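Q: Got a structure I'd like to go through. Can you help me read it?

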Amino acid sequence: MPIQIKMPALSPTMEEGTLAKWLVKVGDKVSSGDIMAEIETDKATMEFEAVDEGVVVAIDVAEGTEGVKVGTVIATIAGEDDDEAVPAAAAAPAAAPAPAPVAAPVAAAPAAVPAPVVAAPAAPAGDRIVASPLAKRIAGEKGIDLSTVAGSGPHGRIIKADLDAAPAAAVAAPAVAAPVAAPAPAAAPAPAAAPAPFSTDIPHEAVKLSSMRKTIARRLTEAKATVPHYYLTVDISLDKLLKLRAELNSALAGEGVKLSVNDLLIKALGKALMLAPDANVSFAGDNLIRYSRADIAVAVSIPGGLITPIVTGADVKSISTIQKDMADLAARAKAGKLAPHEYQGGTASLSNLGMFGIKQFEAVINPPQGMIMAIGAGEKRPYVIDDALGIATVMSATGSFDHRAIDGAEGAQLMQAFKTLIEAPLALVA
Amino acid sequence: MADQYDLIVLGSGPGGYVAAIRAAQLGLKVGIVERELLGGICLNWGCIPTKALLRSAEVFNQMKHAAAYGLAADNIRADIDAVVKRSRGVAKQLNQGVTHLMRKNKITVHMGNGVLKGGGQIEVTGDKGTETISAKHVIVATGARARDLPFAKADGDRIWTYRHAMVPPAMPSKLLVIGSGAIGIEFASFYNDMGADVTVVEMMDRIVPVEDADVSAFLEKSLTKQGIKILTGAGVESITTSAAGVKAKIKGKDGSSAEHDFSHVIVAVGIVPNTENIGLEALGVATERGIIAIDGYGRTNVPGVWAIGDVTPGPWLAHKASHEGVIAAEAIAQALGNAEVHPHPMDRLNIPGCTYCHPQVASVGLTEAKAKEAGHTVKVGNFPFIGNGKAIALGEAEGFIKTVFDAETGELLGAHMIGAEVTELIQGYVVGKTLETTEAELMHTVFAHPTLSEMMHESVLAAYGRALHI
């Protein structure tokens, strides 16, 4: 029986994607695990693996097609026993200009394998997700990651009604419903798509938005429009931290490890969140989610946009582990090879523009996280040390907080803990 | 003063007695108040005794068609008194069954008329006088009664409600049935089988108006073939009774009125909830046209007062009342601190409905029209009894099974059946629907051969253009 290969939902937010490149052609034999195609999602280019064995008998969506809806049939493979295997290779519509990928609900043959999803990303390994057949089908079609949905049926089974509550593809973090601002339907989901064509006399060039750019535009507009932000700034002396870093680096030189200030700041923020747990939270509709681990999303600038790979468990990891994690994540982020679970979620973010000499700034919260820490440049400033005016290397750090989840005093406690950890940094290596 | 009970249930019909049993299972101290007979209408004057009557009609019908099966049955005749006697015997047996269940579950029965007095106090007035009992929670499960027509008050002689029709003083020769819901159609079918000349008048443009339009059309054709006269889009304007019989003025579809003679009239135009004189007004329990407003668990607006069954919004069916009773009992146990129970709210789209006329009618969920109204793009499957080997072997090749799916998600939205034994078949779809099945699981299910249930499979396959035997 021929098997229809459908556009997979490679991330919970994915509604459509670009079929960047086919790595197989009609007539090729594929087996489970073979890379069939590269698919560009809103955040990254992902490799799409075959889950079935057989011969590719049709490529239904040509390479380079944009906006292919999740669930659209993109290729057909035939099992070994199928007579129709290996048709004339010419049958491939490879050159067909954008074969209008209709998002047909493909309710077809029941034997058709449910969209060959590449292992549900956020699902904790080994945990079986219990959901009704209908819930599974709807989740597959809407691209909802069932591991992010709480089940209200018997024994926690996920039923259709639970999905109605969780808006499609708006879920970004495990166990956290997207902070839907229900009373504001005006919050246009796609602000990037300008209603009227833009016109100007100024000499210009129109650059088509990448999926990543569109996602950044949509998510940050949503965040700024629906999350009540407030900002707290502290000045922090860096001298002791810089001294510690120098000592650590000379001690670790033999191992080839070189810690950056940012690695230490990631650790400091992780630890500060555990010391001020009221700020390590997410606002989730009827619930406040209190995290018992600090996963720090670190803004990394990449060609065409930015991405926030996550250092999980930054509160408990050693600084050298954080350094290794960051080096690996940043390299793969720049190559567009991050898996969704590596950049979605997180309990708070860190954004550092110090290297550009920015003194101080306020960042936009990355929902469903409750806060983001904006780091300015460390610079020599007059500073009062032991009641005497001296010179110290000082940086300004500004936390942006979601007031729905974190009140001012709670935010202030986090800022204080962060400052204390940096000014007395031995606790970071303890 | 400490409450005597955790829960008192007012009314012991299929909603009330089931709620009482479930609450007792959960360790609550339960009392139940009944003014007449344990088991309520369902057991004593409704579902069960009518099924006993209809079974007699069915057997009689089969005897009439004995020759078709190669059998001979000569001089067959129906003895209406004996048929009714059997029906009463069945009701009595079940009534005693409920008495036993109350005892077994240590539920105290208070016979008498109960009135809510507030603060969990209930005044029960019975043969032996008045007593006041108290509970932390009260479930109102007082049921409903037949709706009257202002110009045709039931007298038990010529003008009957379902209750009179169940123990007829005489076999009607020419019967008028007003209303073509389940009750009206069942009695029309019964008395037609027993030999009466039956006319059914329905105001809507089709009979069994809550069912799918295809089912209504099929049933009308089938009943007409059996000799029942059916007037849809028609209304009865007046009824006059005399010693000789009943004269009814009926306004037909075309707007013209004509007078017709009947021996008896059955009024089956719906029900009225029994919510008067039980103290609800004084407590401030919110009702709308007599129907008590509840949430998905049976809570009224007054803390500690719950309601289930026919006093709440429909469908007015015994199994819906029982299920609401279980939900309310569990929610009450939860409110009293039981963390083990997980009541689930009622989903009205998963309540089956059955009509035991001949051919039988059964359904669950949305009709095709309602599904489209609700905005679904639908896939519809239809499979006729004539395509099923078992149906032909049974000599019951009349009927069909229709399924309605959402084209996008494959959700089973509704199933509609007419034909032999469909009231037993429907449960297969109800289970599937409650488990949130899609067409795929139903297609993967193996159905036993030879059974009527194979048609359920074929209907699903037909919705996707894959039926095998047609």
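Q: What links β5(B) to β6(B)?
A: A hairpin does, through two residues. This is a predicted model: local features need pLDDT of at least 70, side-chain atom pairs count only at pLDDT 80 or more, and totals for chains, interfaces and linings use all residues. Residues are numbered from 1 along each chain as its sequence is written, and chains are lettered from A and ligands numbered from 1 in the order in which they are written.

Q: How many bridges do β5(B) and β6(B) share?
A: Six, in the antiparallel sense. β6 of chain B covers residues 129-140. Q121(B) stands opposite S134(B) there. Strands are DSSP runs of E, at least two residues, and helices are runs of H or I, at least four; both are numbered from the N terminus. Two strands pair if DSSP finds at least two bridges between them.

Q: And which way do β4(B) and β5(B) run?
A: Antiparallel, joined by five bridges. L116(B) faces I122(B) across that pair. In their hairpin, G119(B) takes a positive phi near 60 degrees.

Q: New topic. Where does H449(B) sit?
A: In the loop between α13 (439-444) and α14 (454-463) of chain B. An unreviewed UniProt entry puts the feature "active site" at H449(B). UniProt positions follow the numbering used here, feature names are shortened, and annotations may be inferred rather than shown by experiment.

Q: Is H449(B) buried or exposed?
A: Exposed, because 11 other C-beta atoms lie within 10 Å. The cut-offs are 20 or more for buried, 12 or fewer for exposed, and partly exposed in between, with C-beta atoms placed from the backbone.
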